[in-house]
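These are my notes from one sitting with a single structure.

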Amino acid sequence: MPLNPHHPLDPSHPDPPGPFWVTPRHLAGDDGTLADQIGATLTGAGWRMWPTSRSTLLYVSPDDLCGAEWVGASYPFELGGLPVAWQITARSHPASALREWNAYFTGDTPSEAVADFLLALHARTEPAVGFAGPRTVLDALLAQGWLSDIDHPAATATAPDLAATVSLETVPEHVFDADPRPDLAGWQAWADPAVGTGLLWCATFSASVPHDLVAAFASSLASPAPVLRRTLPASARHRLTVIPPG
């Protein structure tokens, strides 16, 4: 029997043969191709790439102000119990050794949202300087139907299915920012599809990441547009809706 395009997957049945379109995006995972998809986005935008001695892949923007490093093989640290896969950085000047801010993404973060963050970063002439306030992130989510948190309406929004959250709060340990003040708040995002199974993915932005860049990530994450997948994350498959191709 064909799958109803408006009905979630039956958890007792195996995945349908892919590829297929799925929603919601925040539970779709990365299809096991986060390294390849983001690498293709960066090389397509003209970023240079070379392997490092730590078995990572480092991409540098054409203006030498931004870097994106696939660090999955080096296992630098964890966010929400998950190893970081991508680390994104920006500097104020090509000759500066100081990273003004960092953004981190674990595996299974939807590649579409990471790519849109990077394309917004690539389009900026001053990637280390913020021009918008934090409200721009929440507005991007609410415009896509996400819900304002009752207890923290000025800092947190949740997906309609309550399985993903974006929140402005104190950043975890090991998250570096050029601003040395303690207890600074940065944006964090995560998906928690099922109680007791752990997070599906986690993303953290240090305090100085421009809010409009985080808004680009948030808007893409909350988009209702289906995404193409060949495999589904086990912890979220019962909450995904499949749209058969064709």
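This is a predicted model: local features need pLDDT of at least 70, side-chain atom pairs count only at pLDDT 80 or more; totals for chains, interfaces and linings use all residues.

**Entry 1**

I started with Arg54, which is partly exposed at a relative accessible area of 44%. Residues are numbered from 1 along each chain as its sequence is written, and side-chain values use heavy atoms, with hydrogens and water left out.

Which residue forms a salt bridge with Arg54? I found Glu69, with the closest N and O atoms 2.5 Å apart. The rule for a salt bridge is a side-chain nitrogen of Lys or Arg within 4 Å of a carboxyl oxygen of Asp or Glu. Glu69 lies in strand β4 and Arg54 in the loop between β2 and β3, so the pair ties together parts that are 15 residues apart in sequence. The helices (H or I, at least four residues) and strands (E, at least two) are DSSP runs, numbered from the N terminus. Glu69 counts as buried, at 11% relative accessibility.

**Entry 2: other salt bridges**

I wrote down the count, which is six salt bridges by this rule. One of them joins the side chains of Arg48 and Asp64, at 2.6 Å from N to O. Arg48 is in strand β2 (residues 48-51) and Asp64 is in the loop between β3 (57-60) and β4, so I logged a link between distant parts of the chain, 16 residues apart.

Asp139 is partly exposed at 39%, and Arg135 is partly exposed at 40%.

**Entry 3: aromatic rings**

How many aromatic pairs are there? I counted ten. Rings of Phe, Tyr and Trp (its six-membered ring) pair if their centres lie within 6.5 Å; planes under 30 degrees apart are stacked, over 60 edge-to-face, and the rest tilted.

Trp70 and Trp86 form an edge-to-face pair, with 5.6 Å between centres and 65° between the planes. Trp70 is in strand β4 (residues 66-70) and Trp86 is in strand β6 (residues 82-90), so this pair ties together parts 16 residues apart in sequence. Trp86 is buried, at 0% relative accessibility.

Phe105 and Phe205 are also an edge-to-face pair, at 5.6 Å centre to centre and 85° between the planes. Phe105 belongs to strand β7 (residues 101-106) and Phe205 to strand β12 (residues 201-205), so the parts tied together are 100 residues apart in sequence. Both residues are buried. I also noted a cluster linked by ring pairs: Trp101, Phe105, Phe117, Trp201, Phe205 and Phe217.

**Entry 4: cysteines**

Last, I searched the whole structure for disulfides, meaning pairs of cysteine sulfur atoms within 2.5 Å. The search found zero. Cys66 is buried at 4% relative accessibility, and Cys202 is buried at 5%.

Definitions and conventions:
Buried means under 20% relative accessible area, exposed over 50%, partly exposed in between (1.4 Å probe, protein chains only).
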